[in-house]
Amino acid sequence: MASPRAVRLLAVVLLTGSCAAAVRRDPPAPLPLVIWHGMGDSCCNPLSMGAIKKMVEEKIPGIYVLSLKIGKTVMEDMENSFFMNVNSQVSTVCQALAQDPKLQQGYNAMGFSQGGQFLRAVAQRCPSPPMINLISVGGQHQGVFGLPRCPGESSHICDLIRKTLNAGAYSKAIQERLVQAEYWHDPIKEDMYRNHSIFLADINQEREVNESYRKNLMALKKFVLVKFLNDSVVDPVDSEWFGFYKSGQAKETIHLQETTLYTQDRLGLKKMEQAGQLVFLAVEGDHLQLSKEWFYEHIIPFLE
């Protein structure tokens, strides 16, 4: 028969073990990721967004990745990247994110090309559920003034867009129906841009400052801007880091820090840079040409 002291020791051991088991926790699930594709692409192209989704899932097991599809079909999703009002697209996405139970505790976001600026609009306009980190891969945050090269498979659409933009990018009908017109930024006609751009001029606070836009963007933990040094699509490429053409001409470009957007801190970017929230990454290569190794080394850490 065991002595009373032995019984007490056994009880302590069992209690300690049961307490340790009670406080043991499974590791927290990784933060979900929302992806928005670029012009002429779709949510599920196995060579683009499908490949990105797969790479993320391989490196971060168990992650929930939502690749946004704007429309009922993949073809409709691609067409909407050209012809669906951007403000309507952003509103649709905001509603979808708010209704997704897997995103309610927060999520990271990664936008490619125009998808980068569209997700920035989501961050500024729709703070719930909260976006934690925003990664813009080749996003044109000061807009474009030209379409030097469009996705090859959409060449006929690109030709139509070029003709339409040259005919009158800031007419009401074109602004409301053509995606690329909504971030067309003419540095020679700045007043036309400020007064008639229904999307970019709004999210860039070119008119009245919306303090909620500023507050919501500054709530990001990190805002990562990826610039492609040999980009042949975005004109000017400086737009990927919030730079643009110096007003009144289309040859000389200025950096973000020289723009009124920064000096007047209309978006909070100056304070974000000072606080270490802005991250500027540069990569050799043409538009959206990322190696798997570069992606793993420079992007995955912001998603883990």
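In what order do the six strands of the open sheet stand, and is their pairing parallel or antiparallel? The order is β2-β1-β3-β4-β5-β8, and the pairing is parallel. The structure is a predicted model, in which local features need pLDDT of at least 70 and side-chain atom pairs count only at pLDDT 80 or more, while totals for chains, interfaces and linings use all residues. Residues are numbered from 1 along each chain as its sequence is written, and side-chain values use heavy atoms, with hydrogens and water left out.

**The sheet**

- Helices (H or I, at least four residues) and strands (E, at least two) are DSSP runs, numbered from the N terminus; two strands pair if DSSP finds at least two bridges between them.
- Strands β2 (65-67) and β8 (278-283) are the edge strands, each pairing on one side only.
- On average, neighbouring strands of this sheet are turned by 15 degrees against each other, direction ignored.
- Helix α4 (residues 86-99) packs on the sheet and touches β1 (33-36), β2 and β3 (107-112). The direction of α4 makes about 160 degrees with that of β1; such angles run from 0 to 180 degrees between N-to-C directions, and axes are lines fitted to C-alpha atoms, for helices over the stretch in contact.

**Strand β5 and its partners**

- Strands β4 (residues 131-137) and β5 (residues 222-228) pair in the parallel sense over five bridges.
- S136 has L225 of β5 as its bridge partner, and V137 has V226 of β5.
- Six bridges join β5 to β8, and these strands run parallel; the partner of F223 in β8 is L278.
- Six of the seven residues of β5 are buried, where buried means under 20% relative accessible area (1.4 Å probe, protein chains only).

**The nonpolar cores**

- A nonpolar core is a set of buried Ala, Val, Leu, Ile, Met, Phe, Trp, Tyr and Cys residues joined through side-chain atoms within 4.5 Å.
- The largest nonpolar core has 54 residues, and those with the most contacts inside it are W36, L119, V122, M131, F223 and L269.
- Apart from it lies another core, of 26 residues, among them V65, M110, V224 and W294.

**Helices α5 and α10**

- The axes of α5 (residues 114-125) and α10 (residues 211-218) come within 7 Å and cross at roughly 105 degrees.
- The two helices are therefore roughly perpendicular to each other, a term for angles of 65 to 115 degrees.
- R120, A123, Q124 and R125 in α5 meet S212, Y213, N216 and L217 in α10; contact means heavy atoms within 4.5 Å.

Definitions and conventions:
Parallel < 35°, antiparallel > 145°, perpendicular 65-115°, else oblique. Buried < 20%, exposed > 50% of the residue type's maximum accessible area, 1.4 Å probe, protein only.
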